[in-house]
Amino acid sequence: TADTAYQALTVETLPERLKDVAALIQHVGQDAATWQVQEVGDGNLNLVFIVSGPNGKAIVKQALPYVRLVGDSWPLPLYRAFFEYHALRRQAARDPGAVPVIYHFDEVQAMIIMEFLAPHVILRRKLIAGEQVAGLAAFLGRYCARTAFRGSELSMQSPDKKADVALFAGNVEIPAITEALVFTDPYFDADMNSHTEGLAPVIAKLRNDIGLKVKVQQMLQQFVSNTQTMVHGDLHSGSIMSTDDDSRVIDPEFVQYGPMGFDIGMLCANFLMAYFSQPAHRGANLSAYQEWILEVIADISDHFEQEFRHLWATERTGILYPAALFEDQGHDSTAACDAVLAGIWRDAWAVCGIEMHRRCLSLAHNADFEEIDDVALRARLEARNLSMGAELIHTADTIADAQAVCALAREFN
Ligand code: ADP
Ligand code: MG
Ligand code: MG
Ligand code: MG
């Protein structure tokens, strides 16, 4: 654009300001006067516009210099769009087709123009509505395995990995939100916390559990200091868009290099919260739908392991576990892969429990629970979720597999 300084777009100003952007002309139409613009951002942070015209539609996502959910009292750097753009490029390379196609990036305007996904809707809406998505677990399991593996030294050479870690280390304030809201605030009376009436006894139990708080702090230390792979950083059901049989991952502005188990742990937590919230959203088919959600969790885990083992066997091109130490000496490396996977799951189940806590206790609750009008019912369902979260944090190191997590969910339900 001809603009030299950042300025937030509006529905009114967008056509005039972006009328010369080739990507929009190509995907929407030559004449900006024919464009229709709709602001659809339902997230906590950014502006998202759908631009429609004779050629089709495109998404224009622009960062705001503050947290949308809170207002300009909480400034947030525009540079997060730069990291989101670079994360999308890496995700597209590491798992082709998993993220929207990027058409254009404007660093000064903190603006990404990308493919309009249709008829995809936010997965969380489908889970609340009781809809199934074919191929969901395979897509998510593969996505998590491919991005975890291909962003690590299992795949990368040291110089490339270090350069990328250095680049993404510039994304400071956004991961700091996770450090506070996810790992810290749930466990004390933080300013921005809120919770459903009736949960005070459960919350007191969590905050009086010193072992639990120590374990969560250990996970926070991991999160800030372990750069195993490039994580999405915000992989919940609101960052996934699906049709009945096709899914994509969006919104990686919380990207950083972090533990390989982080994304899949947060993801499973969001399916578990969907599971625990179902009694408020379903009628006759409640148990069948709840069981489908658990099946998705178990299948994500299976597909993750399958894909990770496949990449281990076929793409171990980095500096870690080289064939020189194993296959070239006639030694099988399956046990080494088993150990790496076990470490990923230990981290993932602890992160899973922490995510289950923060979505009911700190800022940014999820619609699965938030849309339950009956406060007493909401408190009862959230209490199940909070208690299972604590169990996961305590037992993360010894949980056998995702099936055991599903069995635990049935117990707490
Ligand atoms: P935020 O960072 O503010 O959470 P998101 O990237 O999650 O923003 O986008 C907010 C909303 O905009 C999404 O929930 C979705 O409804 C819509 N959206 C975002 N990207 C696309 C896309 N590529 N295609 C269609 N809709 C999208
Ligand atoms: Mg979002
Ligand atoms: Mg696909
Ligand atoms: Mg976002």
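How many Å separate the centres of domain 1 and domain 2, taken over C-alpha atoms? The separation is 27 Å. This is a predicted model, in which local features need pLDDT of at least 70, side-chain atom pairs count only at pLDDT 80 or more, and totals for chains, interfaces and linings use all residues. Residues are numbered from 1 along each chain as its sequence is written, while chains are lettered from A and ligands numbered from 1 in the order in which they are written.

**Confidence**

- The protein chain has an average pLDDT of 97, and 99% of the residues score at least 70. Here pLDDT is the predictor's confidence in each residue, from 0 to 100.
- Among the elements of the protein chain, helix α5 (residues 136-150) has the highest mean pLDDT, 99. Strand β5 (residues 71-75) has the lowest, 88. Helices (H or I, at least four residues) and strands (E, at least two) are DSSP runs, numbered from the N terminus.
- For the complex, the predictor gives an ipTM of 0.97 and a pTM of 0.97.

**Domains**

- The protein chain is assigned domain 1 (14-115) and domain 2 (121-412). Such bounds come from an automatic or database domain assignment.
- Domain 1 puts 18 residues into the contact, and domain 2 puts in 20 residues. Two residues are in contact if their C-beta atoms, placed from the backbone, lie within 7 Å.
- The side of domain 1 that touches domain 2 has nine nonpolar, four polar and five charged residues. Ala, Val, Leu, Ile, Met, Phe, Trp, Tyr, Cys and Pro count as nonpolar, Asp, Glu, Lys and Arg as charged, and the others, Gly among them, as polar.

**Ligand 1**

- Ligand 1 lies between domain 1 and domain 2, because both give residues to the shell around it.
- There are 19 residues around ligand 1, and Gly43, Asn46, Val48, Leu117 and Asp251 come nearest. A residue is near a molecule or strand if its C-beta atom, placed from the backbone, lies within 6 Å of it.
- By class, the shell holds ten nonpolar, five charged and four polar residues.
- β2 (46-53), β3 (56-63) and β7 (111-115) each supply at least two shell residues.

**Strand pairing**

- β2 and β3 run antiparallel and are joined by eight bridges. Two strands pair if DSSP finds at least two bridges between them.
- A hairpin through two residues joins β2 to β3. Val48 has Lys61 in β3 as its bridge partner.
- β3 also runs antiparallel to β7, with five bridges. Here Lys61 stands opposite Ile112 in β7.
- A three-strand open sheet has the order β8-β10-β11, with antiparallel pairing. Its edge strands, β8 (121-122) and β11 (247-249), each pair on one side only.
- Two bridges link β8 to strand β10 (residues 240-242) in the antiparallel sense. Val121 stands opposite Ser242 in β10.

**Two helix residues**

- Glu295 sits in helix α11 (residues 286-314). Glu295 counts as partly exposed because 14 other C-beta atoms lie within 10 Å. A residue is buried if 20 or more other C-beta atoms lie within 10 Å of its own, exposed if 12 or fewer, and partly exposed in between; C-beta atoms are placed from the backbone.
- Glu295 and Ala134 are 161 residues apart along the chain, and 12 Å separate their C-alpha atoms.
- Ala336 belongs to helix α12 (residues 334-361). Ala336 is partly exposed, with 16 other C-beta atoms within 10 Å.
- Ala336 touches Tyr321 and Phe326, not counting residues up to four places away in sequence.
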